[in-house]
Amino acid sequence: MNIRIRDMKVRFGGRCVLDIPDLALTSGRIAILGGNGAGKSTLLRTLTGFTAYEGSVEFDGRPSLQDGLFYLPQKPYMFRGTVQSNMLITVQNSVENVKLCEKWLIRTGLAHLSASSAQSLSGGEAARLALARIMIANPRLLLLDEPFAALDTSGRFTIEALLGDCCRNDGMEMIFITHNPAQALRLAEYVYVLHDGCVVEYGRADEVLRTPNTAETKAILAEWEFPPDTRN
């Protein structure tokens, strides 16, 4: 999927918090990096249509993505009822979909909590349930706002592997926000760096993260060390 942004501006209280004159988002797995207040979450919300903006966004040449676009915020909402009933909110209740629920609860490590109250889950468990709830609907484009923040190391690697597998094997594309450049290097094909509401650098993940060109990107990466590049 090709996403094209033109003349985008987002203003809050008279202040311009996002200013993107012309940008093409490459298909595949995209990580968005940047400091606090850089405009990362605002950018995702404009793509969903949740935030008003000036300018235009096109999905494969169209003004909107009619179906298949899903957004996972930092703090997803848990509906009343069990973990399983939360899963069935996005799809019809059928024997086939109940089996799909079981599949995604297993894949996200929540099968043992199927009958538990969704509102009793920990932050990490709730994040995994919110993701499983989306995956049952077979997303075409998944937008994730720091989806790993509440997960421990083991859970983070499990979900990273799951998302990577869905992108490679199921044709899903995703754009995710992260403060962790090492995670971006593991999971993303492309990286876009925001600073003060502007895109200051973008390109292939390994190139941007290993050989950054801008002072803003270098500052973000200053405290990070990456494993050696082993490509031939």
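Mentor: Buried residues make up 49% of the 232 residues in the protein. The model is predicted, with local features needing pLDDT of at least 70 and side-chain atom pairs pLDDT 80 or more, while totals for chains, interfaces and linings use all residues. Residues are numbered from 1 along each chain as its sequence is written, and side-chain values use heavy atoms, without hydrogens and water.

Trainee: Why is T217 called buried?

Mentor: Buried means under 20% relative accessible area, exposed means over 50%, and partly exposed is in between (1.4 Å probe, protein chains only). T217 has 2%, so it is buried.

Trainee: What makes the place of T217 a helix, and which one?

Mentor: Helices are DSSP runs of H or I with at least four residues; strands are runs of E with at least two; both are numbered from the N terminus. T217 lies in helix 8, residues 215–221. The protein has 8 helices and 9 strands.

Trainee: How do you know what T217 touches?

Mentor: Contact means heavy atoms within 4.5 Å. Leaving out residues up to four places away in sequence, T217 touches V193, V200, E201, V208 and P212. Y77 is another matter: T217 and Y77 are 140 residues apart in sequence and 33 Å apart in space, C-alpha to C-alpha.

Trainee: What makes the pair T217 and T214 a polar contact?

Mentor: A polar contact is a pair of N or O atoms within 3.5 Å; within protein, one must be able to donate a hydrogen and the other to accept it, and residues adjacent in sequence count only if both atoms are side-chain atoms. The side chains of T217 and T214 are joined at 2.8 Å.

Trainee: V193 touches T217. Why does V193 count as buried?

Mentor: V193 has 1% relative accessibility, so it counts as buried. V193 sits in strand 8. Its contacts, again not counting residues up to four places away in sequence, include L33, C198, V208 and I220. D7 is 186 residues from V193 in sequence and 18 Å from it in space, C-alpha to C-alpha.

Trainee: Which backbone atoms lie by polar atoms of the side chain of T48?

Mentor: The backbone oxygen of R45 lies 2.7 Å from one. The backbone nitrogen of F50 lies 3.2 Å from one.

Trainee: Why is D196 called exposed?

Mentor: D196 has a relative accessible area of 58%, so it is exposed. D196 lies in the loop between strand 8 (190–195) and strand 9 (198–204).

Trainee: What is phi of D196?

Mentor: Phi of D196 is near 50°, a positive value in a residue other than glycine. E146 is also not a glycine, and has a positive phi of about 45°. E146 lies in the loop between strand 6 (141–145) and helix 5 (153–170).
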